[in-house]
Amino acid sequence: MNDNKKIAVITGANRGLGLETCRQLASQGVSVILTSRDPSKGKEAASLLQSEGLEVASHPLDVTRSESIQQLQQYLRQEFGRLDVLVNNAGVLKDSRDPVEASIFNTKIDALRTTLETNLYAPLLLCQALIPLMKKGDYGRVVNVSSSLGQLSEMSAGYPTYRISKTALNAVTGLLAAELQGTNILVNSACPGWVKTDMGGPDAPADPKEGVKTIVWLATLPDGGPTGGFFRDQQPIAW
Ligand SMILES: NC(=O)c1ccc[n+]([C@@H]2O[C@H](COP(=O)([O-])OP(=O)(O)OC[C@H]3O[C@@H](n4cnc5c(N)ncnc54)[C@H](OP(=O)(O)O)[C@@H]3O)[C@@H](O)[C@H]2O)c1
C-alpha cells in the first residue's frame with residue numbers, strides 16, 4: 001500500500017452500512033481494511049470492491065472476541081506501524097418489535113449484556129487497542145456509529161437494549177474526545193438515519209449510499225475539525 005494513503009479499519013463491513021463506508025472511503029483514496037467476523041464473507045465483500053477498482057483488503061474481526069481484536073492490532077502494527085481511521089460500525093439490534101416483550105420492565109439482563117458486548121464493549125476495546133496506533137502518526141479519526149434511538153433528549157419506549165447501548169456508546173465518544181483534547185485524534189458519534197439494510201429493513205427511506213455520508217465525512221475530517229460530537233446529516237444533534 002502507498003505510504004501516503006490514509007489507512008482505515010471498518011468493523012462489521014461485509015454488508016450494509018459498513019460495506020458502503022468501505023466503498024466510499026476507498027473511492028476517496030483511503031486504503032481500506034474491511035473487517036468481518038466471517039472471513040469468507042469479508043473476502044467476498046473485499047473482492048466485490050476490488051472488482052470496482054478500489055484498494056480494499058480484508059481481515060477477520062469478531063468484535064466481541066478480545067483475541068480477535070489483539071490479532072488485528074498486531075497485523076496493523078506489523079504491516080503499517082500505524083492506523084489513521086477507525087469506524088466502529090458493527091452493531092446488533094436484538095430487541096423484539098412486540099411492545100410487551102420490548103418493555104423496559106421485561107428487559108432481560110442477559111439480552112442487555114449480549115447487546116452491550118457488540119455495541120458498547122467492542123468499540124471501547126477497539127479504541128483502547130487501536131488509538132495508540134493513531135498516536136504514532138499524530139493523526140486519527142474515530143467514528144462510533146450510533147443512533148438517534150440513543151439520544152437521551154429524545155428517549156422514548158421500545159428497543160431498550162439497543163437504545164441503552166447507543167446512549168452508552170455516545171458516552172464513550174465523549175470520554176475519549178475529552179482525554180484526546182489537544183491531539184489530532186478526533187472522535188465523534190454518527191447517526192446514519194433510518195437506512196435500508198438487514199437491520200433497517202426494506203421500509204427505511206434512505207439507501208446505504210446516502211446513509212454513510214455523515215460517517216464518511218467524520219472519517220475524513222480536516223485537522224481542527226469537530227471532536228466529541230454527535231452528528232446526523234453532517235449537523236450536530238443533541239445527546
Ligand atoms: N440501518 C439503520 O437504519 C441504522 C440506523 C441507525 C444506526 N445504525 C447502525 O449502523 C451500524 C451498521 O448497521 P447496518 O444497518 O449496516 O446493519 P446490518 O446490515 O445488520 O450489518 C451489521 C454488521 O455488523 C456485523 N456484526 C455484528 N456483530 C458482529 C461481531 N460480533 N463482530 C463483527 N461484526 C459483527 C454484521 O456481521 P454479520 O454479517 O457477520 O452478522 C454486519 O456486517 C450499526 O452499528 C447500527 O446500529 C443503523
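Tutor: Start with the space itself. This is a predicted model, and its largest pocket has a volume of about 1,100 Å³. The lining of that pocket counts 40 residues. Closest to the pocket centre are Asn89, Gly91, Val92, Thr197 and Met199.

Now the helices. Three of them each give at least two residues to the pocket lining: helix 1 (16-27), helix 4 (109-137) and helix 5 (160-179). Helix 1 supplies the largest share, with three residues. By class, the pocket lining holds 15 nonpolar, 16 polar and nine charged residues.

Around the ligand stand 28 residues. The closest of these are Arg37, Asn89, Tyr162, Val195 and Thr197. Asn89 and Thr197 were also named among the residues closest to the pocket centre. Helix 1 and helix 5 each put at least two residues into the shell around the ligand. The shell divides into 11 nonpolar, 12 polar and five charged residues.

Asn14 places a polar side-chain atom 2.8 Å from an oxygen atom of the ligand. Tyr162 does likewise, with a polar side-chain atom 2.6 Å from a ligand oxygen. Asp62 faces another element: an N or O atom in its side chain is 3.0 Å from a nitrogen atom of the ligand. As for cover, the ligand taken alone exposes 900 Å². The protein buries 94% of that area.

The structure holds one cavity of 30 Å³ or more. The largest cavity has a volume of about 50 Å³. Its lining is made of 13 residues, and the closest to the cavity centre are Asn88, Asn89, Ala90, Thr118 and Pro123. Helix 4 and helix 5 are the elements that give two or more residues to this lining. Helix 4 gives the most, with five residues. By class, the cavity lining has seven nonpolar, five polar and one charged residue.

Finally, trace Asn89 through the model. Asn89 is one of the residues closest to the pocket centre. Asn89 is also one of the closest to the ligand. And Asn89 is listed among the residues closest to the centre of the largest cavity. Helix 5 supplies at least two residues to the pocket lining, at least two to the ligand shell, and two or more to the cavity lining.

Note on methods: Residues are numbered from 1 along each chain as its sequence is written. This is a predicted model: local features need pLDDT of at least 70, side-chain atom pairs count only at pLDDT 80 or more; totals for chains, interfaces and linings use all residues. Side-chain values use heavy atoms; hydrogens and water are left out. On a 1 Å grid over the protein atoms alone, a cavity is a set of points where a 1.4 Å probe fits but cannot get out, and a pocket is an open set with protein on both sides within 12 Å along at least five of seven lines; lining residues have an atom within 4 Å of a point. Grid points are joined across faces, edges and corners, and a volume is the space filled by probe spheres set on the points. Helices (H or I, at least four residues) and strands (E, at least two) are DSSP runs, numbered from the N terminus. Ala, Val, Leu, Ile, Met, Phe, Trp, Tyr, Cys and Pro count as nonpolar, Asp, Glu, Lys and Arg as charged, and the others, Gly among them, as polar. A residue is near a molecule or strand if one of its heavy atoms lies within 4 Å of it. A polar contact is a pair of N or O atoms within 3.5 Å; within protein, one must be able to donate a hydrogen and the other to accept it, and residues adjacent in sequence count only if both atoms are side-chain atoms. Accessible areas come from the Shrake-Rupley method with a 1.4 Å probe; for residues, only the protein chains shown count as cover.
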